[in-house]
Amino acid sequence: MSSDVPHNTYPTFPDGSLAVESLDIEAQGIAHRADGKVVFIEGALPFEQVSVSVHRKKNNWEAATVTAIHRESSQRVRPACPHFGLHAGACGGCKMQHLHPAAQVAIKQRVLEDNLWHLGKVRPETVLRPIEGPTWGYRHRARLSVRHVHKKGVVLIGFHERKSRYVADMGVCLVLPPHVSDMLAPLRELIFGMDARETCPQIELACGDSVTALVLRHLEPLSEDDLARLRAFGQQHGVQWWLQAKGPDTVRLLDEGGEQLSYALPDYGVLMPFKPTDFTQVNPSINRVLVSRALRLLDAKPDERVIDWFCGLGNFTLPIATTAREVLGVEGSEALVARSRENLARNSEGRAQPFAPTTFAARNLFEMTPEQLVADGVAEKWLVDPPREGAFALSKALADLHQQPELRGDWTPPRRIVYVSCNPATLARDAGLLVHQAGYRCVSAGAVNMFPHTAHVESMAVFELADAGRPA
């Protein structure tokens with residue numbers, strides 16, 4: 001957040017306490033000393049007056065922690081989780097539980113707008129209403145660390161402690177689905193009772209609409225007794241166990257059969273099977289709204305071709321294929337492309353309204369060139385949903401084609417781009433390229449609260465050709 005305030009406007013208090021002005025992307029309060037030095041304060045909220053303990057000093061800034069609150073923000077709330085806070089051993093999974101959920105969303109919207117302006121020199125013409133959903137029990141994907149602590153005689157399972165490599169001693173986790181939170185204590189007992197309790201460093205959670213999968217990372221082969229313990233736990237708690245001996249390619253079901261892990265997009269008549277290590281959105285409620293809004297903003301017509309870049313399993317591709325003339329999904333992973341083709345075939349069976357012709361291709365999108373972009377053909381509209389690294393090469397190739405007409409031939413750029421982002425900094429960088437070098441306007445942007453109580457900012461932006469009347 002911007003903290004560019006003239007030095008002489010910083011309030012001073014005789015007791016040395018500070019006035020908090022704003023919140024940064026890490027959910028730290030921002031204040032200033034009388035001389036203008038910035039102080040980043042853990043646990044402080046905007047408009048509070050606080051005393052702090054400084055634990056790090058640099059020439060231009062200090063890092064501190066709240067020790068007392070003299071004037072409290074009206075947006076401060078009591079954290080619901082007993083493991084959240086600034087105390088020793090506090091869980092580091094959430095950073096904003098002390099801030100009202102509506103205020104969290106407002107902060108994230110501001111972070112998005114500040115990033116777009118300060119990093120990309122882009123201001124959206126319209127600010128989209130934030131997408132919000134359930135604030136508890138939403139996290140259907142998680143990587144939980146596992147550690148046998150000899151001194152305590154226990155196994156810990158959960159997220160890491162705040163600013164630490166140690167695993168937090170968690171009895172519950174309110175952002176996980178309730179049935180998974182209730183499973184934490186039994187899981188700890190399970191692993192503690194296993195022969196392999198020293199060599200199982202991680203459990204990955206993946207919840208579908210009706211299946212809960214746990215992927216156990218194990219560094220040594222599991223004994224028959226341990227496999228029996230896993231099976232008994234799975235039956236008792238309704239869990240589907242997967243085992244991972246080495247890399248992601250080694251993930252396999254403990255026992256074949258049973259219901260397949262999947263989630264539905266009911267608005268489009270789509271069911272998406274997936275494997276527990278495939279990328280899917282963490283928050284299924286938000287994902288359904290995200291897909292609906294993206295398609296509404298894309299507004300693909302029956303005579304239009306659409307390209308879905310970074311298409312993954314086809315989360316956006318298949319819904320787009322219900323309205324467009326033709327769809328191309330492009331993804332970097334061959335395995336995900338194979339899965340998206342399977343999902344297309346499965347969802348095509350028995351449909352009353354067939355999908356538009358849809359194809360998938362595997363390609364390294366971080367090495368996109370203008371020539372490859374032209375080879376992929378003309379599409380009236382694009383949907384772009386990259387990982388945290390963003391879509392720089394894709395945006396740069398589009399900018400190069402705009403600035404070097406001789407490379408284009410008969411190719412024309414998309415009239416509209418809907419960009420779904422999980423990193424406002426890389427979105428801002430790419431938006432700067434699209435607006436200042438590729439001939440687009442940023443017509444709208446808004447935050448998506450995919451991860452309540454965390455500082456993670458998901459967002460969506462829409463770009464249109466500045467002159468849609470002729471090729472850019």
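This passage describes the overall build of a predicted model and then several of its local features.

The protein contains ten helices and 22 strands. Its radius of gyration is 25 Å. The globule rule gives 23 Å for 472 residues, which is close, so the protein is as compact as a globular protein of that length. Along the principal axes, the C-alpha atoms occupy a box of roughly 70 × 65 × 35 Å.

Of the 472 residues, 54% are buried. Among contacts with a separation of 6 or more, 63% join residues 24 or more positions apart. The accessible surface amounts to about 21000 Å². Carbon and sulfur atoms contribute 51% of that surface. The protein carries 51 positive and 54 negative charges.

Helix α1 covers residues 101–120. At 1.5 Å a residue, its 20 residues should span 28 Å. The end C-alpha atoms are 28 Å apart, so the span agrees with expectation. An α-helix has 3.6 residues a turn, so residues three or four places apart point the same way. The buried residues of α1 include Ala103, Ile107, Val111 and Asp114. Val105, Leu112 and Leu116 are also among the buried residues of this helix. Lys121 follows α1 and has a positive phi, near 55 degrees.

Most residues other than glycine have a negative phi. Phe47 is not a glycine, yet its phi is positive, at about 75 degrees. Phe47 sits in the loop between β4 (38–42) and β5 (49–57). With a relative accessible area of 64%, Phe47 is above the 50% cut-off and therefore counts as exposed. Lys163 also has a positive phi, near 55 degrees. Its loop runs between β9 (154–158) and α2 (178–181). Lys163 has a relative accessible area of 61%, so this residue is exposed as well.

Ala196 is placed in the loop between α3 (184–192) and β10 (202–207). Its relative accessibility is 6%. Buried means under 20%, so Ala196 counts as buried. Beyond its neighbours within four places in sequence, Ala196 is in contact with Leu222 and Asp226. Glu259 is 63 residues from Ala196 along the chain. The C-alpha atoms of Ala196 and Glu259 are separated by 28 Å.

Arg288 belongs to helix α5, which comprises residues 284–298. Its relative accessibility is 33%. That value falls between the 20% and 50% cut-offs, so Arg288 counts as partly exposed. With residues up to four places away in sequence set aside, Arg288 touches Asp209, Ala264, Leu265 and Pro266. Asp267 is 21 residues from Arg288 in sequence. The C-alpha atoms of Arg288 and Asp267 are 8.4 Å apart in space.

Methods. Residues numbered from 1 in each chain as written. Predicted model: local features only at pLDDT ≥ 70, side-chain atom pairs only at ≥ 80, totals over all residues. Heavy atoms only, no water. Helix = DSSP H or I, 4+ residues; strand = E, 2+ residues; numbered from the N terminus. Rg over C-alpha atoms; globule rule 2.2 N^0.38 Å. Buried < 20%, exposed > 50% of the residue type's maximum accessible area, 1.4 Å probe, protein only. Contact = heavy atoms within 4.5 Å. Areas by Shrake-Rupley, 256 points an atom, 1.4 Å probe, with all protein chains shown as cover. Lys, Arg positive; Asp, Glu negative; His and termini not counted. Charge placed at Lys NZ, Arg CZ, Asp CG, Glu CD. Expected span 1.5 Å × (residues − 1).
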